Amino acid sequence: MSSITIQKTANPRPRPDQSRLGFGKYFSDHMFIMDYSADKGWHDPRIVPYGPFALEPSAMVFHYAQEIFEGLKAYRRADGGIQLFRPWANIKRMNESCERMCIPRLDEALFLEALDSLVRLDADWVPSAPGTSLYIRPFIIATEPHIGVHASSSYIFCIFTSPVGAYYAEGINPVKIYVETRDVRAVKGGTGHAKTGGNYAATLRAGQLAEKEGFSQVLWLDGVHRKYIEEVGSMNVFFKIGGEVITPPLGGSILPGITRDSCIKILESWNCHAAERLITADELFDAAAAGRLEEAWGSGTAAVISPIGEIVRAGQRETVCGGKIGDLTQRLYDYLTGIQWGKIADPFGWIYRLD
Ligand SMILES: *Cc1c(COP(=O)(O)O)cnc(C)c1O
């Protein structure tokens with residue numbers, strides 16, 4: 001029997017217009033909550049109406065950023081059913097983030113049950129229009145009211161959901177990016193491989209400037225040598241150069257993306273090996289100048305696959321694939337989203353069906 005109690009909302013809210021969902025603007029009727037205290041451990045798992053928390057101003061998350069999160073999606077199939085994409089991988093990664101951030105681990109079976117129960121209860125918030133899905137945001141915050149730097153003794157684990165449209169309003173048009181040379185998002189030994197809010201806070205300044213200059217993302221370089229490419233915006237990155245598919249290796253400063261891993265496995269199944277190797281910005285721009293940079297894309301749950309159409313750094317501007325989406329990028333996008341929306345059979349065992 002489930003240990004999750006359910007308190008249904010007395011005031012279901014109107015469903016947003018599916019043609020104007022945007023990304024992350026609307027929130028479903030319910031959320032999952034569970035508390036942690038030193039004496040009880042994780043306890044009182046429950047689903048309640050979506051709404052604000054009451055926290056003390058001294059809650060440690062506000063001061064020391066002890067926080068982690070995840071992001072995954074529920075997809076509506078053509079037959080009306082609902083499915084999640086690789087939820088086990090998000091659950092595992094959340095526990096790895098817990099480890100880095102000194103947060104007590106979650107029970108994996110209970111986490112999956114929480115996802116299942118919450119999405120089931122708010123099933124009619126899972127949109128059905130093409131390209132839409134229900135974004136699921138699990139997170140943990142440190143709640144102990146205490147000024148002093150140490151791991152919190154109390155936490156809240158919460159999951160809420162948001163019906164979303166395509167991440168980029170323009171559709172999967174190739175984006176323009178530039179190489180960020182002042183700020184870095186992470187360094188080895190830091191928290192770059194954990195999904196924690198602080199990593200994002202560090203990226204805001206560069207992101208803001210990029211946007212002002214008409215770019216949608218920045219290309220991050222490693223924090224030590226300032227020459228190896230790490231990620232693009234908040235996505236992992238892939239390049240196809242002279243027939244070789246390359247993605248930077250996970251080395252502690254890169255977030256181990258589930259979409260990244262899915263791309264690698266799909267490519268492998270197509271007999272196309274993706275090399276996980278270091279690549280410098282010089283190599284990338286030299287290849288582009290020589291006409292050998294065939295395709296480039298970012299990968300992440302929100303946008304899935306985001307083709308890169310132009311790369312820019314001081315004094316150099318290069319178009320990728322004529323500013324159009326490349327063949328391999330398009331094929332990956334179609335195949336991966338096909339599996340996610342249940343339009344194509346899933347040979348990998350990645351789909352968790354809610355029915
Ligand atoms: C979440 C995230 C990604 C992508 O991970 P997915 O599991 O594919 O969604 C990439 N980079 C950063 C910094 C992230 O936080």
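The shell around the ligand holds 4 nonpolar, 6 polar and 4 charged residues. Here Ala, Val, Leu, Ile, Met, Phe, Trp, Tyr, Cys and Pro count as nonpolar, Asp, Glu, Lys and Arg as charged, and the others, Gly among them, as polar. The model is predicted: local features need pLDDT of at least 70, side-chain atom pairs count only at pLDDT 80 or more, and totals for chains, interfaces and linings use all residues. Numbering runs from 1 along each chain as its sequence is written, and side-chain values use heavy atoms, with hydrogens and water left out.

In total, 14 residues surround the ligand, each with a heavy atom within 4 Å of it. The closest are Lys-195, Tyr-200, Glu-231, Thr-259 and Thr-301.

Now the polar contacts (pairs of N or O atoms within 3.5 Å). In the side chain of Tyr-200, an N or O atom is 2.5 Å from an oxygen atom of the ligand. Glu-231 has a side-chain N or O atom 2.5 Å from a nitrogen atom of the ligand. For Arg-93, a polar side-chain atom lies 2.8 Å from a ligand oxygen atom. Taken alone, the ligand exposes 380 Å², and the protein buries 96% of that; these areas come from the Shrake-Rupley method with a 1.4 Å probe.

Next, the chain as a whole. An automatic or database assignment divides the protein chain into domain 1 (5–164) and domain 2 (175–340). Their C-alpha centres lie 27 Å apart. Across the interface, 20 residues of domain 1 are in contact with 22 residues of domain 2, where contact means heavy atoms within 4.5 Å.

Definitions and conventions. Polar contact = N/O pair within 3.5 Å; in protein donor to acceptor, adjacent residues only side chain to side chain.
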